[in-house]
There are 4 protein chains.
Amino acid sequence: MIKEADLNDLFGQMIHKMADLPPKQQRILAASLNLFAEKGFDKTTTEDIANAAQVAQGTVYRRFKTKDDLLAAVLTPILKDVFPQAISQFTGQAFETKYTNLHDFLTAIVTDRIHFIYENRQVLKIVWSQALTNSEMLVILRDRIGQAISEIVFPQIKKMQKQNLIIGWPADKILTFLAGTMFTFLTKLIIMPGHQIDLDSESDFMIRFLEEGLAANGDNHLV
Amino acid sequence: MIKEADLNDLFGQMIHKMADLPPKQQRILAASLNLFAEKGFDKTTTEDIANAAQVAQGTVYRRFKTKDDLLAAVLTPILKDVFPQAISQFTGQAFETKYTNLHDFLTAIVTDRIHFIYENRQVLKIVWSQALTNSEMLVILRDRIGQAISEIVFPQIKKMQKQNLIIGWPADKILTFLAGTMFTFLTKLIIMPGHQIDLDSESDFMIRFLEEGLAANGDNHLV
Amino acid sequence: MIKEADLNDLFGQMIHKMADLPPKQQRILAASLNLFAEKGFDKTTTEDIANAAQVAQGTVYRRFKTKDDLLAAVLTPILKDVFPQAISQFTGQAFETKYTNLHDFLTAIVTDRIHFIYENRQVLKIVWSQALTNSEMLVILRDRIGQAISEIVFPQIKKMQKQNLIIGWPADKILTFLAGTMFTFLTKLIIMPGHQIDLDSESDFMIRFLEEGLAANGDNHLV
Amino acid sequence: MIKEADLNDLFGQMIHKMADLPPKQQRILAASLNLFAEKGFDKTTTEDIANAAQVAQGTVYRRFKTKDDLLAAVLTPILKDVFPQAISQFTGQAFETKYTNLHDFLTAIVTDRIHFIYENRQVLKIVWSQALTNSEMLVILRDRIGQAISEIVFPQIKKMQKQNLIIGWPADKILTFLAGTMFTFLTKLIIMPGHQIDLDSESDFMIRFLEEGLAANGDNHLV
DNA sequence: GATGAATGAGTATTCATTCAT
DNA sequence: GATGAATGAATACTCATTCAT
């Protein structure tokens, strides 16, 4: 359905549309977010959304011309702003600081990412769910995140390897374990909705686990 | 749609139905598997399946009375047989052997699970995709796997902790990192379909990563 | 939709409404005329009209309470005033003059009608388009024009036949060829919008064609 | 909606689809033809069609995937076959014969066209109605007919002018009057549905009218 | 007067499922 | 067993019209 160009257009338009959004339209967006996260995009009907938002069905279509538009509107903030911002923030916070040890580095990024994931777990669930059944969406995500990573994260990892602060594996392997650990956290949140989570404790274990798993060692020149 | 009782019934019936499956019905199952994995269950129509299997639409309904039946038939082998079998096999292979170090233990289970995931990646993608939008399916999965884990895996982990072969964290934390690392592998397979994967190299890195991350250390009595 | 009684009422009200029309309402009428002629009444939305007139959608409904009202307002001038007026004018100009030959007669009416058609081609297109899909409109038109014709035009034709100025066919046949020739001109205008038309040359050919085709001859007593 | 390429594709597909059309699908086509002619395409709902054809609404969509498809299916026979065939037939019958006078020539073509128009008046009404509100349809028609005319009819008219059988006006003027007279006949049929028509009498008058109007005369070299 | 958000009845279209042949 | 035509409930979307500000 949504091709990359269209999708990017949509994101641009959405930002514009979402300024000065009337209260009912805001309710529609909120209802969509909840329902998409709960039942999935495909199984959510526009009638469901109208009911949940307590508006007439036609009202759903006033600002958002199609159901896809609504999906885009729900995902836009995270895909347009938060992802790139998150990555640059990642860079700024985590990498510009001169870390003298792996622990401080991991503490910085894990703490930050954990909170980001926790707060955006609903949208992230929708994104992930869509990516599984929509290869266009998957490609967009992969390219968008992939580009940011190879431009920003990879160089930083290599810099840390030169300082012997992190294990000398190929950067993509390190990234996989780093990102995978955080992705695993998201998966837990999705699998156990409503479950009480102690973010500090969670990140504590993650940091220690990664710290050991990714520690530099004497003969780590695997590349 | 599918409630747990129904689903279990379905699985029982499926096993029966799938004995002596005529060639056309086999083609229908194969087509369903491919299409569900590719486009998702919801976006696959029975007409799509009929076309892909090169049969008439009515033929799709000969053995499998509903579309949900087809989903069940596709998922049955892995949910009915492979999961439990896998876990017991996990137990048998990995735990009954007396490992004297973490490396051998991780090597055994990671190698086994990696191959299992790789070979069943299509079905696992469908399962995961369904679980994201179908809370009943999620509950079933969680309970089914959860039970097996708490009965089998947790005791084993604790046993190894007593032998000081693995870090003294709560068993669920250890499981999270263990399973998460493998789940991350599945995610990579899904994200990069068609990408050439060197299973040996992949498991090699995983084992080493986990080995360090989960190694027992002197003062690891966190519980 | 519009019944004859209603339509006539509407036309009456319209005349009233259209006195002292504020500029925005005039823009709305103009936009309606253009859009109805371009895309047809059914395919023109009130939003289209609002956009084209650069007003809010609600403003469209200020004077004209329904979309049908707008159609009536667009058609009123021609249906209420111009048609009857045209016919009496026809009578006055073309028939009260004592023509001594067919050529002068045809020159008078063809010239007049050609200009009328040319200037009102947009409204005539809408009328014709509506008549094709709205039998009530068709009936109204047919009766209104039909009556005027049988009362005014037929007697005049018969008078000319007595003077042996025109062929002795049944009056309705003569009218058909006369009107048909002009209708053919309207059709050309519709089919080739934007095409440069030399009205003088066009009427020249029509007059000559009709002059020969309808000339009185010795033994023309066909009636 | 329908672009030229698409429309031509549609016509091709329609011919194929209409071989071995099940009885219900035939009823659907017939009902569509009647309703489109009666109320217009836009005002005919698929529910109307289903009711008139005494089938379920879904059945309407079995062969014809959209309402536009149905329109194309209704128009295909005349646009794909009848028009071109009619024109070549026109050529064959009317022009290959060596006419020694205008009367025989007009008799041949008027008689033929009158019957064609009479028998296809419903479809022609739909075509004409669509052309008024759909500029793409208009362009297709204009080009399709226009091409046939300029390739076949114009040369024949010029041949007859050389033989001094027809007036020496520009070919397009002659065509206008010839076609216009027949178009006028169609218009009468549309305006007066159900009215008893004596085709022989009608064509008789047309022929005589055209015969005089288009007769060659001594000094007719207007071109 | 003007605005534009909101409404809800109406409409084209989809698709799992049934069933006569 | 297999076919594919038929079904009808469900669903996304449209648009004339209303009304509070």
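This is a predicted model: local features need pLDDT of at least 70, side-chain atom pairs count only at pLDDT 80 or more; totals for chains, interfaces and linings use all residues.
At roughly what angle do the axes of helix H8 and helix H9 of chain A cross?

Residues are numbered from 1 along each chain as written, chains are lettered from A and ligands numbered from 1 in written order, and side-chain values use heavy atoms, without hydrogens and water.

**View 1. Helices H8 and H9 of chain A.** The axes of H8 (residues 135-162) and H9 (residues 171-191) come within 10 Å and cross at roughly 105°. H8(A) is therefore roughly perpendicular to H9(A) (65 to 115 degrees). Helices are DSSP runs (H or I, at least four residues), numbered from the N terminus. Axes are lines fitted to C-alpha atoms over the stretch in contact, with angles from 0 to 180 degrees between N-to-C directions. The contact (heavy atoms within 4.5 Å) includes Phe154(A) of H8(A) and Leu175(A) of H9(A).

**View 2. Glu202(B) and Lys188(B).** These residues form a salt bridge, with the closest N and O atoms 3.3 Å apart. A salt bridge is a side-chain nitrogen of Lys or Arg within 4 Å of a carboxyl oxygen of Asp or Glu. Glu202(B) lies in H10 and Lys188(B) in H9, so the pair ties together parts 14 residues apart in sequence. Both Glu202(B) and Lys188(B) are buried (under 20% relative accessible area, 1.4 Å probe, protein chains only).

**View 3. Asp112(C) and Arg113(C).** This salt bridge has its closest N and O atoms 2.7 Å apart. Asp112(C) and Arg113(C) are both buried.

Technical notes
Helices (H or I, at least four residues) and strands (E, at least two) are DSSP runs, numbered from the N terminus. Angles under 35 degrees count as roughly parallel, over 145 as roughly antiparallel, 65 to 115 as roughly perpendicular and the rest as oblique. Buried means under 20% relative accessible area, exposed over 50%, partly exposed in between (1.4 Å probe, protein chains only).
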